[in-house]
Amino acid sequence: MQNSRHYIGLTDKQVLQNRERYGENVLTPQKREPLWKLFLEKFEDPIIKILLIAAFLSLGISFVHMEFAETIGIFFAILLATGVAFWFERDANKKFDVLNKVKDDTLYKIVRNENISEIAKKNIVVGDVLILETGEEVPADGKLLEAVSLQIDESCLTGEPIIDKTTNPDSFNKDATYPSNWVMRGTKIMDGHCIVEVLKVGDETEFGKVAEKSTEMSGEETPLNKQLDKLAKLIGFVGLLLAVLTFIVLLVKDLFLGEIHYPMNAIGLLAVVIIAVTVASAKVWVPIIYDYFEIMGRDKKLPNSIKKGSWFTWLLYGAGSFISLSVIAYIFGVNPLERASWISMETAAHLLQYFMVSVTLIVVAVPEGLPMSVTLSLALSMRRMLQKNNLVRKMHACETMGAATVICTDKTGTLTKNQMQVHKANFWCIKDEQLDEDVNSDIIRESISVNSTAYLDFSNPNKIKTLGNPTEAALLLWLHKQGDNYLKIREQSDIIEQLTFSPERKFMASLVESSLLRRKVLYVKGAPEIILSKCGSILTTDGLKPIEGYLPVIEESLLGFQKQAMRTLGFAYEIVDDTKDRFENGKIVNSNLIFVGFTAIADPLREDVSLAVQKCLDAGIEVKIVTGDTPGTAKEIGKQIGIWKITDKPESIITGSDFAELSDQEAVQRVQQLKLMCRARPTDKQRLVQLLQRNGEIVAVTGDGTNDAPALNHAHVGLSMGSGTSVAKEASDITLLDDSFNSITTAVMWGRSLYQNIQRFILFQLTINVVALVIVFLGSIFGYELPLTVTQMLWVNLIMDTFAAVALASLPPNPDVMENKPRKNEDFIITPKMSSNILFVSFSFIIILLSLLFIFDRNGVITAYDLTRFFTIFVLLQFWNMFNAKAFGTGKSAFYGLHKTVGFLIALVTILLGQFLIVQFGGEVFRTVPLTLRDWTIIFVSTSLVLWIGELVRLIKRIY
Ligand code: ATP
């Protein structure tokens, strides 16, 4: 038996004192890695390492020639590229921190100043009296003052998934890790409810002592990420091939077609060096080849020597091969120690430059920007979705929402306002819905006050706030309006045993030592058909009567309210005179209940919900209502939001129990046409989700209760309600802070827009990639000068990998995406339309650029001035193409909504400004000479044709 007491809680002054003395209820965040360390990690990238080594070698040669410009440029470009990418990535990841902060803002019921109200978790102090119920996470360590049927999941601390907690010393478990009358921060209430006095907060709690840094989301791989990873690997491989080919072509040209003819000895020694370098750099190229095997479906494991072998080991292998091959060369009469056996320093410098060109080609080819663009888009979506009341808990959810084909929604709180009000109190034992000073009224009073876990917050007497289960809170409000003090009645009675409400049982029962009736009483309330099935008689103003005679009236009356979309709730009681058990395995036994009546509770529909549902239907997403309420209520709600039509067939609605009886084969067929599932239990909901998934649907599910957790977990995207339990929230991927369906539509729009942004980025990135690779490759075959230098290529790489990622990934969501049908999850991100666009545009660019090289070529020599113009034209072609990428898929002009795209505009200005500075002041570092205003204007205007042609094509498409 539990003792009820009257709690006063801390006063405001005590709260301040205790906070001062014992601290706040927040965990000190773990120390982060210092910035410089994180930055250095960026250089772990094998390709960057090789480039750096090559740059150092080039520095060595620079000392011989005393010409440092280019080498310094390379160092600078590497630092800039890595630095900018590092900054953006960090910025994106930092945005996820908001998640941890929101956790500290979860509200808890608390007694302070003799009133029950809600405060944020972080504001709880030592000495506070907390009221916790099923589904909540314990926010601080504390001692139980009261506990009813309390079971706790302590797995985060002790690994125990279910532990009984109690205030009764006789039932204490001596072997338990933590005392049986203690509850600990971070553990979850699985059943029952309790009142707790807080004893430890923040870092002092057990959880605080063992806490790892919680929820680090940024490392998670999303399905899209995986797809992009594959794409990146393929591009990387092609880049490697082209890089090797380019190097071979340049090498052959220099050694065999150049002016100096080298003896075979020198060429042989050069081969030794190349083999040694190839061995030493195995850590770079072997993984790229293995990645290629992987995407081709030949899954070969990367040899451990490559994966785990250190750089130093491979350098040693390289040196070893050099020495052993040199010895062999010596045996064949070539003395590596003689200067004359080697190629000239001049040629060596050239070859080193070619080597760097090839490595840079790989740098250009590998789309490092891809993963970053996804992280960035996700981070941005996540932040902006939060402004629209969607808290994204798992990164993948942002994009998966965009592919959703079915949304299974619950009713209360999502479709309705969750502002429940008793519309009708149909009790047969009182007159005119008015309580009186008699036993019949006392039964109703106690039934509502004691057989309940909700509370009212009177902080603002003009606007009473409800806390806890909204159905029960509506009853408390009704009682309050009758002039009764529910809390006083509750505190005076002792609860002997209780079955709290659960969606599975659909009723709640309390065995009570009644202070009003001075007897032991069993109070039961729940779904009327369940309550009625347990009752033999009914309490009327004329005393007890057999229920049979009243059943038709009751049922008709119930149906009438259900057809008005109301929730109906039946009440019954029993005076318990014997000592027999009333509860067994969560069921009521040995009882002979008396029906008292029912309440019809109205919960108005949200104003915006019909429109939001319509938006989803227009976007090709089906909406199915899964509710614990009756078919009548469900149909009416369905009608009001526009998914249930009079013409709909009976196959489109089913009750949870009928659904459970269908075989999987039958059910798989049925779920497709289903629109409403009523009297559903959590297991039915979960089965529905699984069967829909089996049919290839991408399913989003909304839920608020602890019991919704399985369905939320199974769904592709679980959407929990802000007002829901922490278990539901944790099982979900997104929390709708405003509980509104409209936010689901927002999430779909964001998801689809995000996907589109990434498509745009790929479109832009791949076009540059193809153009840069082909131009450098062909240029090396046909020309004498390199069309783009290493530093220039690194700048181009920075444009496409970083600036474009920022520009295109940050484009605002496009409401038009809601007019399309959902994409299929297995669709490849590069659509046929994109491929043809990439091929056509890059082919056109290649033709233009090669023609330019041809025109500029004067007897095998291209002047620095022409090469500068070439470089600028190359960059500006991409610059204008970025506009086309922005407009891709919208059919609208690229200027549409341009003023709202800050990130895009900043990137454009940066590219233009950067190019200007490089050209005007880059000098030898970038192999540029300043251009005149006339040059700039001509280049700027003529390259803008790329945009104008794009605009024209879009205009024609719009017209036809
Ligand atoms: P929705 O889909 O509308 O959110 P739900 O699935 O959460 O509904 P439940 O909470 O399972 O619905 O409620 C189902 C039925 O159980 C209600 O129609 C009502 O009759 C009964 N019921 C609801 N709340 C309580 C409660 N606190 N105590 C007793 N019975 C309740």
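**Figure 1. Domains around the ligand in the predicted model.** Domain 2 (386-416 + 607-746) and domain 3 (421-602) each supply at least three residues to the shell around the ligand. The assignment also gives domain 1 (369-379 + 759-959); domain bounds come from an automatic or database domain assignment. The centres of domain 1 and domain 3, taken over C-alpha atoms, are 70 Å apart. This is a predicted model, in which local features need pLDDT of at least 70, side-chain atom pairs count only at pLDDT 80 or more, and totals for chains, interfaces and linings use all residues. Residues are numbered from 1 along each chain as its sequence is written, and side-chain values use heavy atoms, with hydrogens and water left out.

**Figure 2. The shell around the ligand.** The ligand is surrounded by 21 residues, each with a heavy atom within 4 Å of it. The closest are Thr 412, Glu 472, Thr 568, Gly 628 and Asp 629. The shell comprises 6 nonpolar, 7 polar and 8 charged residues, where Asp, Glu, Lys and Arg count as charged and Gly is among the polar ones.

Figure 3. Polar contacts are pairs of N or O atoms within 3.5 Å. A polar side-chain atom of Thr 412 is 2.5 Å from a ligand oxygen atom. For Lys 506 the corresponding distance is 3.3 Å, and for a side-chain N or O atom of Arg 679 it is 3.1 Å. The ligand taken alone exposes 620 Å², of which the protein buries 93% (Shrake-Rupley method, 1.4 Å probe).

**Figure 4. Elements of the shell.** Helix H16 (470-481), strand S15 (520-526) and strand S18 (567-575) each give two or more residues to the shell around the ligand. S18 gives the most, with 3 residues. Helices (H or I, at least four residues) and strands (E, at least two) are DSSP runs, numbered from the N terminus.

Terms used
Polar contact = N/O pair within 3.5 Å; in protein donor to acceptor, adjacent residues only side chain to side chain.
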